[in-house]
Structures are given as structure tokens and as C-alpha cells.
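This report describes one protein model for a reader who has not seen it before. The sequence and the structure come first, and the description follows.

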Amino acid sequence: MKNNSHIAKQVLFGLMLLLFVGNIKSQVGYEKKFLKFFKAQSLAGKVNAFDTLDNDFKEACYPYVKDELEKIREQAIIDHQDEILNKFMKIEAQMFFVRQNYSKAIPLFTDLLAKHKIKSYKDSASVLYCLKNAYIKLHSLNKAIEIHKVMMGLKRRYIDIDSWLFHPKLSIIYYEMKMYKECLNQQMLEFDEIKNSKLMLLGYFNNRGLFWQKYGNLDSALMCFNTAKDVFYSFHNNPKLYTIDDEFVLGLIEGNIGQVYIEQKEYKKAIPLLEKDIVSSMNAKDTLNAAVSEIELARCYLNLNQAQLCKKYLDNANAKLQRIEDYKSKLNIIKQYAVYYDKIGAYRQSIDFYNRYINFKDSIDYKENLKELISSQVASQVAEKENLIVESQKNIREKNSEVSKQKTIRNALLFCGLILVIVMVFISYQLKQTKTQKQLLEIKNKQIETRNEIINKSLSEKDLLIKEVHHRVKNNLQIISSLLKLQSAKTANLEIQNSLGEAQDRINSMALLHQLLYRNNQMTSLLFNEYLES
């Protein structure tokens, strides 16, 4: 059975296919073209130009622009140009990532995201991609899953984010965690993303076959590999037009089918498929895959009791592995030599190879454990740095909150003081107005009193005049009455006497009316009954 490293390589088969047919930028002469473009930009434009490069090209072009970028950074620090400084922080993190210094890259990426220093959603997706893959390299796969889910949330809001940023898929991460059931379920959810691309479908079904194989369902694995083969033939109709890459892809699929046949102990079915895989791998110069398939072919011949052919393929594979630093494949072939010598009865040689296998395995396990330990320590250090960053951010938020509260209290006190001043000014103004109004009122009162005095004086004068007029009227009426009486006494004519007497009565009536009006102090009305009685 193929070693885990080689299986992991085949799990990424879909990505390899994309590389075979994708539009890959050529690096030949790219540095010169970029430098020409770079020098024509403004200071901010130079930073943006370098920032938009792919990570691999950043590494290639950085030595040519390093000094100029450093000058721009120093000037940005002096001018407090935060946006440019944030770009430099992102570039620095990406350079650490490309150079595989993940322990330094992760805190920078985390800080960029936590402090919202990334303004573009596409830049956010790029940073998340690097952060996820950095955690994968450090074997912090749970953290990688968290970041991938954040990226999927971003994808739902912005559908134009490049699909390559989501590789490796979540199903691949589950596979690396040996969570094969979750891996299969997740891959079903990813089907809609690739169903319209035959090329992506080819990788999808090949990977799904590997997942089923690891899960232990060989029938489903075989069905998926055959489906991948059918997809391959659907857009490769003419074998004469096959390229080396096409033959390599087909060889990988058939080699995977051969693996399933080996697990089903159908060795005769597996042999021709593995032979095709070996030929296509050698043509594509993939020596490791050819060597691994030769080891599997040797297993088939050994189980078919063809020891000579088994030894031949083991020797071929061993010769190839001498030029390759792949410890797991070398461990596998040592074990197969031990099994081979045990099968043919060469027990001393078999024991010797078993001892070599045990010693080599211990050495590999030690290296792997050491690597895991280092990765674990790096991940732990990164986690500590993240916790420090989170704690620092928490302290900053608390300080900002406290400052904000103090600022609010200060503003409230200033506002209250301002209101108090306004109230005092208003009260002062009102008091001043009241005093002014009081003074005006006193003046008006004095004016009214003066007028009243004048009016009273005028009324007194008028009253005196009325009395004088009444007295004169009374005297005049009395004189008229007396004159009428004297005139009546001088004549003997009764008719004249009666007329004069009647006139005298009328004058007396008028005098009485005038007397009553004057006595009652009312010049407009009097009591009629009192008048009649009088």
C-alpha cells in the first residue's frame, strides 16, 4: 500500500491538474518588466505595485526593490501614513510566509485582521489564505478549519473572490486529520463549486476515491476512480493526441484503481494498471511515484508466488529511491525486502532487513516526533503571541473605554457648566429686565398719580362750576316765578291770571326737577315717585 506522503500528494491531484492546464505566469524576464513598471510609479503606487504581486514573485523581485521600499517605509513612519504602513506590514507577513517562517508570519497576519488594518475584502481573503496555510504547515488543523469557515463567510458576501484562495479545501484538511467521514461529507458540500468543470470533476472523483479507500469502503472507492477515468475520457477522445501530462494523469487514476485491487487481493487485475502508472510516471519524470508503484507491483508478484519478478521490481524501486529523499518510501521498501526474503526462506537476510526496518523506523519516528514537537512548540508560541495580542487589544479597549468614560464625564461637566453659565446669564438678564420694568412702572405710576391729581382738580373745578350753574339756574327760575307772580297780581283779567299761574306752576315744576337732580348728585335720572310726591 502506498505511503501516507504519496497518498497526500495524490489527494492534491485536483490542484495538480489545474497547474497542468492553468495560465501559469512565466518568471523569465518578469523581474525586469516589473522593475520598469515599479520605477514609473509614485511612492504609494510603488508599495501598491509590489503588494499586488503573487507571493512567489514577491520573493523573486524583493531584492531589487528592497532599498527603495525601506526608504518609503521610513518616510511613511515620519509622515504617519498608516495606510502605507499597513501595506508594509502585510508585505512583511507574506515574505515570512513565503520563506516558511510561519511563527513570525502568523502574529502579523492576525494583527492585520484583528485591528481592521485591511480595507479591501480581496486583501482580507489573501491574508486569510496565507494564515490558514501557515497553520496547516504547523499542523494546527483545527485553527485552519476555523479560518476556512471565516473565508467561506466572506465568499458568501463577495462572490468574486478568487477560488484558488480556498485551497486546500476543507475536505482535504479533514483528510489530513484522518476524519474520513467528515471528509466525505464535506466533499459532497463542495460539489456545487466544481460540477460545471470537467477538469475539476476529474480531481473531485479521484480524491473521493482516495477518501473512500481510507474510510474502508473499497467498492465506493473503485466506483469513484472509474468515474474519474470516464471524465478523463470525456474530453480526451483521441489517445494519439495525449500529452505526457495527460498520460501521467491517466496513469495516476489507474494506479489508484490498482491499489484498490491489491486491497481486494485481486493482484492480476492490479498488475497492468500499476505498469501503466510506472511508464507514465517515468515519462513525466516523477521518479517517486514510479518507485512507489514498483514496490506495489513487487507485492503483487510476491503474492502470486513469482519471487523473481518481485525481486526485480524491488531492486528497480530501490535504485530510484537512492536519488530521492523520501524516508517513508525507503522504509516501505526495506519492509518489502524483509517480507520477500522471508517468503523465499532466506530467514537470516529477512531478519537483517527487519532489524534495519525497526532501526530506520525508530529514526524516522524520532525525526517525525521531533518535527511534531517543534511544530507544536511553534504553534504554542504563536498561540501565546495571539493571546498576548488579544490581551493587549483587550487592555487597549479597556483603556479606551476608560478614556472614553472620562472624556464623557468631562464633556458632561463642561456641558453642565455651560448650561449653568447660560442660566446665570439668563437670570441676570431677567433680573435686570425686572429692575428696568420696575423703574418704568414707578415712572408710569407717578405719571398716573400726576394725571389723577390733574383730573381730580379738574373734577373739583367742574363740580364747583356745576354748583355755580345750579345756583344761578335756581335763582333765575325763582326770579322768573316771582316776576310771573307780580305780573299776575297787577292784572284783574282772570284768563291772564290763569295763564300766568299755569306758567308759574311749570317754572316751579322745573325748579323742583332741577332741585331733585342736584340733591341726588345724579344729573341723568331721578326717582319719579319722589318727584310726584314733591
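Among contacts (heavy atoms within 4.5 Å) in the protein chain between residues at least 6 apart in sequence, 59% join residues at least 24 apart. The model is predicted: local features need pLDDT of at least 70, side-chain atom pairs count only at pLDDT 80 or more, and totals for chains, interfaces and linings use all residues. Residues are numbered from 1 along each chain as its sequence is written, and side-chain values use heavy atoms, with hydrogens and water left out.

**Overall make-up**

The protein chain has 22 helices and zero strands. Both are DSSP runs numbered from the N terminus, helices being H or I with at least four residues and strands E with at least two. Of the 534 residues in the protein chain, 39% are buried. Buried means under 20% relative accessible area, exposed means over 50%, and partly exposed lies in between, with a 1.4 Å probe and protein chains only. The accessible surface of the protein chain is about 33100 Å², and carbon and sulfur atoms account for 55% of that surface. Accessible areas come from the Shrake-Rupley method with a 1.4 Å probe, and for residues only the protein chains shown count as cover.

A nonpolar core is a set of buried Ala, Val, Leu, Ile, Met, Phe, Trp, Tyr and Cys residues joined through side-chain atoms within 4.5 Å. The largest one has 95 residues, and Phe-109 and Ile-333 have the most contacts inside it. Helix H17 (residues 287–303) gives the most to this core, with 10 residues. A second, separate core has 18 residues, including Phe-50, Phe-57, Leu-69 and Ile-91.

Leaving aside neighbours within four places in sequence, Phe-109 is in contact with Lys-90, Ala-93, Gln-94, Phe-97, Val-127, Cys-130 and Leu-131.

In H17, 14 of the 17 residues are buried, so this helix is largely enclosed by the rest of the structure. From its first C-alpha to its last, H17 reaches 25 Å, close to the 24 Å expected at 1.5 Å a residue. The expected span is 1.5 Å times one less than the number of residues in the helix.

**Salt bridges**

A salt bridge is a side-chain nitrogen of Lys or Arg within 4 Å of a carboxyl oxygen of Asp or Glu. By this rule the count comes to 18 salt bridges. Three of them are set out below.

| Pair | Closest N and O atoms |
|---|---|
| Asp-51 and Lys-87 | 3.4 Å |
| Lys-90 and Asp-51 | 3.1 Å |
| Glu-146 and Lys-143 | 3.9 Å |

Asp-51 counts as buried because its relative accessibility is 6%, and Lys-90 counts as buried at 4%. Lys-87 is buried as well.

Glu-146 and Lys-143 are three residues apart in helix H9, so about one helical turn separates them. Glu-146 is partly exposed at 46% relative accessibility, and Lys-143 is partly exposed at 30%. Elsewhere, salt bridges that share partners join Asp-51, Lys-87, Lys-90 and Asp-123 into one network.

**Loops with marked backbone geometry**

His-167 and Pro-168 are joined by a cis peptide bond, with omega about -5 degrees. Pro-168 lies in the loop between helix H9 (141–157) and helix H10 (170–176).

Lys-265 has a positive phi near 65 degrees although the residue is not glycine. Its place is in the loop between helix H15 (244–263) and helix H16 (267–283), and Lys-265 is exposed, with a relative accessible area of 63%. Asn-305, also not glycine, has a positive phi near 60 degrees. Asn-305 sits in the loop between H17 and helix H18 (307–321) and counts as exposed at 60% relative accessibility.

**A nonpolar surface patch**

Phe-415, Leu-418, Ile-419, Ile-422, Val-423, Phe-426, Ile-427 and Leu-431 make a nonpolar surface patch of about 780 Å². Patches are made of residues with over 30% relative accessible area and no salt bridge; like charges are joined within 9 Å, and nonpolar side chains (Val, Leu, Ile, Met, Phe, Trp, Tyr) within 5 Å. Leu-418 is in helix H20 (residues 347–490) and counts as partly exposed, at 47% relative accessibility.
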